[in-house]
Amino acid sequence: MPGALKIEVKDAKGGYLATLHTGLPSASPADCNPAAKRPYVVVSSVPIDLPHADGDATIPPHVVFRVIQGYKFFGSYGITNLVAGSDGQACQLRNLVVGPAGKGNYYFGDMPAVHAFATDEVVAPAKSFDTLDQAAKYVDQSSEFANVQRMLLSLKVSL
């Protein structure tokens, strides 16, 4: 959309942290075969006051860190107002905020969506963990996540 932004955020060493992308077109949910659904867990979820659209499959925006189970637990952080899935099962976890009518959607996170990667897929920038406990420790104990969460929570959107 006109006036859209795409900004990559890097750490002091030049390592990738996140992308802010605004003015995204409407996106329909990805096709999800029920047999392809995998268990997921919301490890961290903090409400954030941002402009958004309300709808059947939306919630108020939150800064989240969620993991989906594959051959490992794959995690991603970002801002979303989309319901990930039902009964703790999903094909992918999207870091997308459905924006107000006519304003476009936006995402701010390490990747637009995370899914249960196959062993031959490139995982980065998603995080991977052998256990849910490791994912919880990343959220609770790492300075990287604390800094990223502060950054995501600092987002202000003026329309």
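What pattern does the protein follow, read along the sequence? The pattern is β-β-β-β-β-β-β-β-β-β-α-α, with helices (H or I, at least four residues) and strands (E, at least two) taken as DSSP runs and numbered from the N terminus. This is a predicted model, where local features need pLDDT of at least 70, side-chain atom pairs count only at pLDDT 80 or more, and totals for chains, interfaces and linings use all residues. Residues are numbered from 1 along each chain as its sequence is written, and side-chain values use heavy atoms, leaving out hydrogens and water.

**Figure 1. The whole fold, with two helices and ten strands.** The C-alpha atoms sit in a box of roughly 40 × 40 × 30 Å along the principal axes. For 159 residues, a compact globule would have a radius of gyration near 15 Å, and the protein agrees at 15 Å; that radius is taken over C-alpha atoms, and the globule rule is 2.2 Å times the number of residues to the power 0.38. Some 40% of the 159 residues count as buried (buried is under 20% relative accessible area, exposed over 50%, partly exposed in between, with a 1.4 Å probe and protein chains only).

**Figure 2. Close-up of the Asp-130 and Lys-72 salt bridge.** Here the closest N and O atoms are 3.3 Å apart (a salt bridge is a side-chain nitrogen of Lys or Arg within 4 Å of a carboxyl oxygen of Asp or Glu). The pair links distant parts of the chain, 58 residues apart: Asp-130 is in the loop between β10 (127-129) and α1 (132-141), while Lys-72 is in the loop between β4 (58-69) and β5 (73-82). Lys-72 is partly exposed, at 28% relative accessible area.

**Figure 3. Close-up of Lys-127 meeting Glu-144.** Their side chains form a salt bridge at 3.4 Å, N to O. Lys-127 belongs to strand β10 and Glu-144 to helix α2 (residues 143-153), so the pair ties together parts 17 residues apart in sequence. Lys-127 is buried, with a relative accessible area of 19%, whereas Glu-144 is partly exposed at 33%.
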